[in-house]
Amino acid sequence: MRIKKKWLVVSVMLAALVSAAGVYLSRVNIPLLEPKGPIADKEFRLLLIITGAMLVVVIPVFLLLAYVVWRYREDNPKHGQYVPDWDHSRWLEGLWWVIPTILILIVSIITWNASYALNPYRPILTNKKALVVQAVSLDWKWLFIYPAQHIASLNLVEFPLKTPVHFYLTSDAPMNSFWLPQLSGQIYTMAGMQTQLYLASDIIGNFTGRSANLSGVGFAGMQFSARSVSVASFASWVNQIRHHSPRLSLSVYRSLEKPSTYVPFKEYSNPAKGLFNDIIAKYMTPNRDHNIRLIEGIGL
Amino acid sequence: MSHSLISTFGGFLGRLSLKWLPHDPITASGAIMLAAVPIAVALFITYTKRWKWIYREWLTTQDPKRIGIMYIIIAILMGLRGLADVIMVRTQQAVSVGSNHGILSASHFQQVISAHGTIMIFFVAMGLMFGIINLIVPLQIGARDVAFPFLNATGFWLFFAGMALINISLLIGDFSATGWLAYPPLSELKYSPTVGVDYWIWSLEIAGIGSLLAGINFVVTILKKRVKGMKLMKMPLFCWSVLGSMSLVIFAFPILTVTLTLLALDRTLGMHFFTSGHGGNMMMYVNLIWAWGHPEVYILVLPAFGVYSEIAAVFSRKKLFGYVSMVWAIWAIVILSFIVWLHHFFTMGAGSNVNAFFGIMTMIIAVPTGVKLFNWLFTMYKGKLNMKTPLYWLIAFVVVFTIGGMAGVLMAVPPIDFQLHNSLFLVAHFHMMIVSGVLFGYFAGIAYWYPKFLGYRLNERLGRYAFWSWLVGFLLAFIPLYILGFMGATRRLDHYSASLGWQPLFIVAAIGVVFIILGVVLQILQLIVSIWQRNGELKVGHDPWDGRTLEWSLPTPIPAYNFARLPEVSTRDAYWNAKKVKYIDRRPYEDIEMPKNSPLGMVIAGGALIFGFAFVWHIWWLVIVGLLVSVFGLIYRSMDEHTEYTLPASDVKQMEQMRASGGGI
């Protein structure tokens, strides 16, 4: 009787905990479970498929464990048969070598295909031309350069909805990881190197992105906003910046290079020509002090 | 005036100066507590006039049983420090929201998380592992000693020196703020100019060489020192798992040593292996460190699997199920663990085929691991489950490890990993694997083998309370992190915006840590109460669990030479079967060769500690002094041809008779 009471108390507590968690989770935004773009959506579906496949093995393990622990407890009056010398069975062992192998084989095929289909470098198939954005992780903020629009923005990236956005990424700081969970997975940004990432948004909305790789004391503040807007309002945003925002000259860029934390949004017109490539190139020259263009500001 | 004094000594003491003493109250109180422990111990030994005894019986010992106990004591103390770090991290993340920036500065927070990871892996998990291996392996294979006792002792002292160096960083200077694996370029001089990363490098360099030495010793011990009749396929499974793990040590730790050396060259001599510019490549470091780091996970977990295998059989009073499968599963894991390292950085931007290859290799590891799980379950099936704490840990392990493993398979799929990489989901995953797979395993092992060495059991009721506090706390601390990962929370954040809605989950995780602290307090209480009750109900004979392997055949306390007469073995569960036939061994005693005590392992490691400390602070003359001490110790030892002594058969006989009559040791 006492034991039953104990289990009752435990079950009530568990139920309370689970329902509290349920109420809480229904009221907050869980980006990974609420994808808003084709890439994140496919990644989420893949997550569901693989989880389902894993449960094929995991659920039997749990059921078996519960059964064995209940049935074969020494103090269970309904104790099962005790066979102390039974130590192998070709059939059973074969079963749990083979079934997980088959399962992993299936999951491997899915993985192989998904690894190609969701390679971040792979363009999103659509008849719309992709918007090119060059992203640079700095100490400790994100700079987004729009080479075709001749604008740039800090800690803010805006793009039209249902249009592929083709990011080129690098770093002018320690390594960071670009992550906009509601629209796509991550890619590293590394000094002297360039990575790429495609994403798109299906809806108009504001999303939060951040760096996912520790990059120094300002790391926690490396958060940026992504705005997916209508085509018309994107055009007017670009126009607005072009005419009213300060220029991103090399000297302005050099001031951005300096470490700063929790930096608010900022918009710039006319980024210095070839800035993104120069940022990569300055780590590739034998001695970065000799990179004349960035250091001495030739071409301003 | 004082400034000029310091700068005068600047050359003599390198970068070292008084300004590096701790300033802020949290660090200062931590440093004082840390310094108080060795000082209190030293005073106690002086007061009780035990220095000679400590030196003779412990500091210079070559006996793996004593070395094992020293490993475990260090690991427990370091575990408490790692837990203190956890408390700070969880407090910070629970309160540092919006306009509140919490109790720690960003830099301090990052030092704390780096110290937590480094200490828990290198000085807690590794310490517990080597402790239990030292205690158990020679006994299980029927050996009187390890193959290379001096090498083994030196390995322990190098581990101790590494541990000392990481703790000195709290007293003077700072610690690495770059995460537990110190990725460049953040860990390069340009972005981390202080001594923190150097402390990290040299602490791990020294401890890592110690691990390599210990690994070599145990591979040779298992291969060459088994008792007559114990073919490889008749070894207890724990020994198989140790053989697998130590083989990994031999192949993996040299990679760590080289990688750390290259980073040290970058930082000290201005080289460019991993820098951003000048031809350096940070991803080379990331590849190298994980080429060590992934096998390291299996180095830690395999011996714990071995512990679980022993416990499953003994506490089910049944033979281990699928022994041969288990052995093959271990070796499958050993081989596969070397071809999965890239799954730690799918987000680097490698091609689809590279990512897919490493992802699939990673998933394949789930097969042998799953086989092991099923074999443990079927060991219990048709057994008679003796529901004691070790079995509780095993059952909790099966549940937690399966959930964590499922998360692991998810992250092995590259496109899913793009979303989960470096998120708190990852943090939850690897804590579920390492805490349940490694820590719970060694807790179970300690509860299981404790009476073998001390002659009394640990208090069962308190052990069970501790278990439940741990399990509840652990689930409360980590399940919220899975959800936080889905919510876009990354690891290592010292602050976040209130609008993200993360705070309630961080608070739940902090409550979980309160339960874990309760569990730890109960474990300490369990130890104290058990010592208190050691002559009462907890007192047990030499075989309290109805054991199956050779260590339970030995008397408790175990004599220094372990086996007065070497047993002969013809089956797997050697002692279980021996008990059935009631054979009385009447063979005459023989002379026993025993290693002499030697302080030189301690001297060599002491030199390494001086070397490391001096290198951190660029005190070049002291670097040379440290190096000379180590080299001198090594040469002196190699000249010594009398490293063993013979215990004559007559003495063995006398000691055994004394024991039989209830007197003596």
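In the predicted model described here, six strands of chain A form an open sheet of mixed pairing in the order β8-β5-β1-β2-β3-β11. Strands are DSSP runs of E of at least two residues and helices are runs of H or I of at least four, both numbered from the N terminus, and two strands are taken to pair if DSSP finds at least two bridges between them. The edges of this sheet are β8 (195-199) and β11 (266-269) of chain A, each of which pairs on one side only. On average, and with direction ignored, neighbouring strands in the sheet are turned by 20° against each other; axes are lines fitted to C-alpha atoms, for helices over the stretch in contact, and angles run from 0 to 180 degrees between N-to-C directions. Within the sheet, β1 (residues 131-138) and β5 (residues 165-171) of chain A pair in the parallel sense over seven bridges. A:Ala135 has A:Leu169 of β5(A) as its bridge partner.

The model is a prediction in which local features need pLDDT of at least 70 and side-chain atom pairs count only at pLDDT 80 or more, whereas totals for chains, interfaces and linings use all residues. Residues are numbered from 1 along each chain as its sequence is written, and chains are lettered from A and ligands numbered from 1 in the order in which they are written.

A further open sheet in chain A comprises five strands in the order β4-β10-β9-β6-β7, again with mixed pairing. Its edge strands, β4 (156-160) and β7 (184-189) of chain A, each pair on one side only. Helix α4 (residues 231-244) of chain A lies across β4 and β10 of chain A and runs at about 135° to β4(A).

Helix α5 (residues 250-257) of chain A contains A:Tyr253. This tyrosine, A:Tyr253, is classed as buried because 23 other C-beta atoms lie within 10 Å; the class requires 20 or more such atoms within 10 Å, while 12 or fewer define an exposed residue and values in between a partly exposed one, with C-beta atoms placed from the backbone. When residues up to four places away in sequence are not counted, A:Tyr253 touches A:Leu248, A:Ala272 and A:Leu275. Contact is assigned if the C-beta atoms of two residues, placed from the backbone, lie within 7 Å. A:Tyr253 and A:Tyr116 are 137 residues apart in sequence and 37 Å apart in space, C-alpha to C-alpha.

Chain A is divided into domain 1 (38-118) and domain 2 (131-296), with bounds from an automatic or database domain assignment. The C-alpha centres of domain 1 and domain 2 of chain A are 44 Å apart. Their contact takes four residues from domain 1 of chain A and nine residues from domain 2 of chain A.

Between the chains, 77 residues of chain B are in contact with 75 residues of chain A. On the chain B side, α11(B) gives the most, with 16 residues. The residues of this side of chain B divide into 44 nonpolar, 26 polar and seven charged; Ala, Val, Leu, Ile, Met, Phe, Trp, Tyr, Cys and Pro count as nonpolar, Asp, Glu, Lys and Arg as charged, and the others, Gly among them, as polar. The model scores ipTM 0.94 and pTM 0.94.
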